[in-house]
Amino acid sequence: MDEQPSVSKSRTQKSKKRSRDGNQNPGGAKHENLQVKIQLFQDQPNKIPPLVAYFPSGYNPQTQQRQDEEEPNNQNNSPKVPKVKVFRNMAQRKGNRLQVVVSPGGSNVDFVGSSFTGEAAAAQVCRYSLGVLDKEAETLKIIPIATNKIFRLEPRVRTAETANEEASNSTKSELTANRMDKLGELTALYGTKRERKKRKDAINLKKEVDSESQKSLDKKIEEVAFDKEALANTSSLIARNIPPHNVSATTPLEAYPLDKIILKGDWDFLGDIYKLWQGGEKVATNAYPHFVCNRIRKLDAIKDETQQWKLSCILSYITHLMKFRDQFSMGHVKSGKKHNIPSIIHHRFLNLFTDPESKILASEKINLFISYVLVLALHVDGFRTDPSDIAQDLRISKVDLRQHFLNLGCKLVHQNSILYATLPVPLNFPSQNIRRKRRQ
């Protein structure tokens, strides 16, 4: 256990001064400043650290317990407390594998979470710890979370086999399948002639079984009635590679909803431009796209602080998009890697625009990337934008950029020798057949 020195006196005094300032405390809540000692606890192999879990389904054990207490039929007034079990793999190489099973009383549903499957198996971008504040002892104990994972407890209907056995068996089958695939690859490369023939026969046999299953599936599909018009529209939108939209929208803002492009959790990480603008600092032209640098002055003309912050966040998001693309572009990699993209936004960009296996910018997703940038540019310019600087940032010609605007349902108009892209509603997309004929 490591112990760190207490908070400095000057820092404590500063925080007390802030608590007296009404501007720093708009809600009127009282803040209590404490001078505490921080104690850091390390992992101990013979003990399991605290586990943190959540219920994505909305189930709340405390709410259920209160309902049981208030239930009139509950004569004993004894709530059905859920049982919590923790399972640990005792194998030497898998000792950090944990599984949590929460069993609500009077129900045949278990909530199961593990540290090695599902959401917990994804790449870790954060470290988690649990802090326990003891006001009387004036100590803050920081304890690491078990395997540095937050358990996602999914509902599982209880059957003859317990939920933990089912999850364990599925994991074993996945590991066995992966192991067999790797052994097959080794056999194809270094196996004897007899072993290679045996593997080939097994693959052919599997194909025959799959073909029979496919025939049965095709018969079932033929019996299903499809909405051909909806299917055609869906296919054309997939081919068009555009952001989430509303075809029946009556205003441009509703046509491409901003909350579907910049998610709720992203806004808190987009305040860099707003801070620069508030501090009176100039935006470096070598650090931000031309489009962003030319639109910063729009913030001066806006009186509403909320709208100022919103516009600056959109400009920041455009910057992150451009710098993300630079990380995969020859001659611009250095500029892209110097730029700090918040991890939550960077992870979303990877899912949207890159190939999941190679982790490079997928060629079929480039049109989607350009569409995201153009839609955000339309939001910034009030759905009437001059594409000159955005074409320079995307490093494509104005002529090619026109087709991308048309693909979004935009209309191109000339005014005073300047070409503007506008967004009429409801959205009207160009026919895919017309585009193909023009190319021919």
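# Notebook: a first look around the chain

I began with the surface: the protein chain has an accessible area of about 29,900 Å², and 51% of that belongs to carbon and sulfur atoms. A reminder to myself is that this is a predicted model.

**Overall make-up.** I looked up the secondary structure next and found 17 helices and 13 strands in the protein chain. The chain has 440 residues, and 31% of them count as buried. I also checked how contacts span the sequence. Taking contacts in the protein chain with a separation of 6 or more, 61% are between residues 24 or more positions apart.

**The largest nonpolar core.** Which residues touch the most other members here? I noted Tyr-256, Ile-262, Leu-321, Phe-353, Leu-376, Ile-390 and Leu-394, out of 56 residues in this core. Then I listed the elements that give two or more residues to this core: α7 (258-261), α8 (272-278), α9 (290-295), α11 (305-326), α13 (343-353), α14, α15 (388-394) and α16 (398-407). With 11 residues, α14 gives the most.

Leaving aside residues up to four places away in sequence, Leu-321 touches Phe-349, Phe-353, Phe-369, Tyr-372, Val-373 and Leu-376.

**A second core.** I also found a separate core of 9 residues, with Phe-55, Leu-98, Phe-151 and Leu-153 among them.

Phe-383 is one of them, with a positive phi of about 65° although it is not a glycine. I located Phe-383 in the loop between α14 (366-380) and β11 (384-385). Is Phe-383 buried or exposed? Its relative accessible area is 10%, so Phe-383 is buried, the cut-off being under 20%.

Asn-416 also has a positive phi, about 55°, and is not a glycine either. I found Asn-416 in the loop between β12 (411-415) and β13. Here the relative accessibility is 68%, so Asn-416 counts as exposed, the cut-off being over 50%.

My last stop was a peptide bond. Where does Pro-426 lie? I traced Pro-426 to the loop between β13 (418-422) and α17 (432-439). The bond joining Val-425 and Pro-426 is cis, with an omega of about -5°.

Key
Residues numbered from 1 in each chain as written. Predicted model: local features only at pLDDT ≥ 70, side-chain atom pairs only at ≥ 80, totals over all residues. Heavy atoms only, no water. Helix = DSSP H or I, 4+ residues; strand = E, 2+ residues; numbered from the N terminus. Buried < 20%, exposed > 50% of the residue type's maximum accessible area, 1.4 Å probe, protein only. Contact = heavy atoms within 4.5 Å. Areas by Shrake-Rupley, 256 points an atom, 1.4 Å probe, with all protein chains shown as cover. Core = buried A, V, L, I, M, F, W, Y, C linked by side-chain atoms within 4.5 Å.
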